[in-house]
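This report examines a disulfide, a strand pair and a pocket in the structure shown below.

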Amino acid sequence: SCRSYLQNDSKFLPLLFHDLKECIGQEDCIVFQSDMNWEGHHTTQSKKWLKQNWYEAKKDGGEKVRVIRQIKCFDSLRYEPYVVIPWCPSSESSQPRPLTPY
């Protein structure tokens, strides 16, 4: 189970964005199905997200503002929506864990 892997190796799941980029750079992990579901990743543009290209420029009146990129429509039926959430410490321990449910 994942729990046993985490107990043996705290870096089994990347905790910070830097850790995730390092994991992908070392080819220890990949974006889910990115090796066989290229059409599913067309919508999310995971490569741009990993390059920290999270914002798009929009005009608010005559002024340009930065807003977080939004996915308005999924181009593939093979992909389900997901939410990226921060890790936070739990009240039970000092180890960070994801918020649930999302």
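Which residue does a disulfide join to Cys23?

## Basis of the model

The model is predicted: local features need pLDDT of at least 70, side-chain atom pairs count only at pLDDT 80 or more, and totals for chains, interfaces and linings use all residues. Residues are numbered from 1 along each chain as its sequence is written, and side-chain values use heavy atoms, with hydrogens and water left out.

## Disulfide

Cys23 is joined to Cys29 by a disulfide, S to S 2.1 Å. The criterion is a pair of cysteine sulfur atoms within 2.5 Å, and the count by this rule is one. Both Cys23 and Cys29 are buried, that is, under 20% relative accessible area with a 1.4 Å probe and protein chains only.

## Strand pair

Strands β1 (residues 55-60) and β2 pair in the antiparallel sense through six bridges; strands are DSSP runs of E with at least two residues, and helices are runs of H or I with at least four, numbered from the N terminus. Pairing requires at least two DSSP bridges between the strands. Lys58 has Val65 in β2 as its bridge partner.

Two residues lie between the strands of this hairpin, where Gly61 takes a positive phi near 75°.

## Second largest pocket

A pocket here is an open set of points on a 1 Å grid where a 1.4 Å probe fits, with protein on both sides within 12 Å along at least five of seven lines; lining residues have an atom within 4 Å of a point. The lining of the second largest pocket includes Ile24, Trp38, His41 and Lys51. Helix α4 gives the most to this lining, with four residues.

Key. Buried < 20%, exposed > 50% of the residue type's maximum accessible area, 1.4 Å probe, protein only.
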